[in-house]
Amino acid sequence: MHTTLGNDAPPAVRAQPPGWRDPRLWIGVAIVAVSVVAGARIVGAADDTVGVWEVAGDLAPGDRVEPGDLEQARVRFAEPADAGHYLSVEDELPDDLVLTRGVGDGELLPRAALGTADDAGTVSLSVSVPGAQVPTSVGTGSRVDVWIVPDSGDDGAAAELAVEDVAVIDSPAGSSDFGSSSSERQLVLGIPVDTDLSDLVLASGAGRVMLVGRG
């Protein structure tokens with residue numbers, strides 16, 4: 001027995017994809033875009049840390065820094081440039097690396113506290129150097145020769161070598177205005193303890209110090 005459908009049955013309707021004017025389409029696009037941006041920010045924040053060395057115990061001035069004295073730490077710095085003040089885990093540790101000042105347990109290892117065995121018998125001397133008389137490439141860790149230049153009114157006088165091959169153990173941020181010959185840079189030098197500092201101190205106060213980078 002066959003059953004015949006009546007004329008009042010609803011006609012079949014083919015589903016149509018939403019058109020470009022359909023607000024549902026744009027809401028979906030917006031949701032996807034927000035998700036992509038949020039995901040990118042989360043990934044970026046997760047990678048915004050820097051690997052630096054942390055001291056695993058109290059170390060005194062003159063102590064040799066061995067791999068066993070250090071632990072890796074991941075740190076997020078407020079200013080990316082601040083990371084350059086500390087020894088990165090990507091840096092190779094020199095065999096003769098010693099501390100020029102003490103570093104406490106759990107402290108990040110600052111570049112300013114590092115030197116060689118020859119630097120252990122030094123004193124720290126802060127000098128002011130006119131911007132035109134120090135290479136812009138000189139910074140923490142650089143080796144320099146320190147010269148005393150004659151006074152501008154002393155015609156015919158020659159510059160004198162005050163101390164040779166010393167380390168720049170600190171170059172405080174904000175102490176220079178690179179490219180400006182009228183600026184001054186404040187640098188901390190590791191000077192051998194047996195050096196007579198009187199002439200160098202006077203020259204620093206008078207703006208008559210010149211640094212020559214080595215290598």
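Guide: Helix α2 (residues 198–205) lies across β5, β6 (143–148), β7 (160–170) and β9, and runs at about 30 degrees to β5. Contact means heavy atoms within 4.5 Å, and axes are lines fitted to C-alpha atoms, for helices over the stretch in contact, with angles from 0 to 180 degrees between N-to-C directions. This is a predicted model, in which local features need pLDDT of at least 70 and side-chain atom pairs count only at pLDDT 80 or more, while totals for chains, interfaces and linings use all residues. Residues are numbered from 1 along each chain as its sequence is written, and side-chain values use heavy atoms, leaving out hydrogens and water.

Visitor: How do you know that β5 and strand β8 pair?

Guide: Two strands pair if DSSP finds at least two bridges between them; β5 and β8 (residues 184–192) have 9 bridges in the antiparallel sense, so they count as a pair.

Visitor: What makes β5 and β9 stand at the edges?

Guide: The open sheet has 5 strands in the order β5-β8-β7-β6-β9, with antiparallel pairing. β5 (122–130) and β9 (209–213) each have a single partner strand, so one side of each is left without a neighbour in the sheet.

Visitor: Why does Phe77 count as buried?

Guide: Buried means under 20% relative accessible area, exposed over 50%, and partly exposed in between (1.4 Å probe, protein chains only); Phe77 has 16% relative accessibility, so Phe77 is buried. Tyr86, at 25%, is therefore partly exposed.

How values were computed: Helices (H or I, at least four residues) and strands (E, at least two) are DSSP runs, numbered from the N terminus.
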